[in-house]
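Colleague: I am new to this structure. Please take me through it step by step.

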Amino acid sequence: KCSETLYYFFSQVFQLLTDLKQQRKESGKNKQSSGQQNLNTIMYETLKYISKTPCRYQSPETVREFLAAMKGHKLTK
């Protein structure tokens with residue numbers, strides 16, 4: 001259950017930050033406060049990290065399907 005939650009969380013964070021980045025790009029706001037610059041740095045670093053993981057390509061549905069398929073194999077840590 002923990003791994004399902006983690007994969008779901010990462011895929012949701014990746015999608016949220018990607019959408020937010022696109023919205024900001026479309027709004028065309030150039031002037032930014034230092035707080036906004038800090039947020040941009042956090043978004044950049046997070047997207048950079050997550051984009052190097054399989055979570056980039058996973059949706060909540062694919063995570064659920066995979067875990068359901070593996071459930072019968074009684075795998076442990």
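**The core and helix 2**

Modeller: The largest nonpolar core has seven residues: Val13, Phe14, Leu17, Met43, Leu47, Ile50 and Cys55. Such a core is a set of buried Ala, Val, Leu, Ile, Met, Phe, Trp, Tyr and Cys residues joined through side-chain atoms within 4.5 Å. Helix 1 and helix 2 each supply at least two residues of this core. This is a predicted model: local features need pLDDT of at least 70, side-chain atom pairs count only at pLDDT 80 or more, and totals for chains, interfaces and linings use all residues. Residues are numbered from 1 along each chain as its sequence is written, and side-chain values use heavy atoms, without hydrogens and water.

Colleague: Which residues are buried in helix 2?

Modeller: Buried means under 20% relative accessible area, exposed over 50%, partly exposed in between (1.4 Å probe, protein chains only). Helices are DSSP runs (H or I, at least four residues), numbered from the N terminus. In helix 2 the buried residues are Met43, Leu47 and Ile50. They lie on the same side of helix 2, because they cover an arc of only 70° around the axis, taken from the directions from the axis to the C-beta atoms.

Colleague: Which exposed residues does the face turned away from the buried side of helix 2 carry?

Modeller: That face is turned away from the buried side. Its exposed residues are Ser34, Ile42, Tyr44 and Tyr49.

Colleague: Is threonine 5 buried or partly exposed?

Modeller: Threonine 5 is found in helix 1, residues 2-27. Its relative accessible area is 46%, so threonine 5 is partly exposed.
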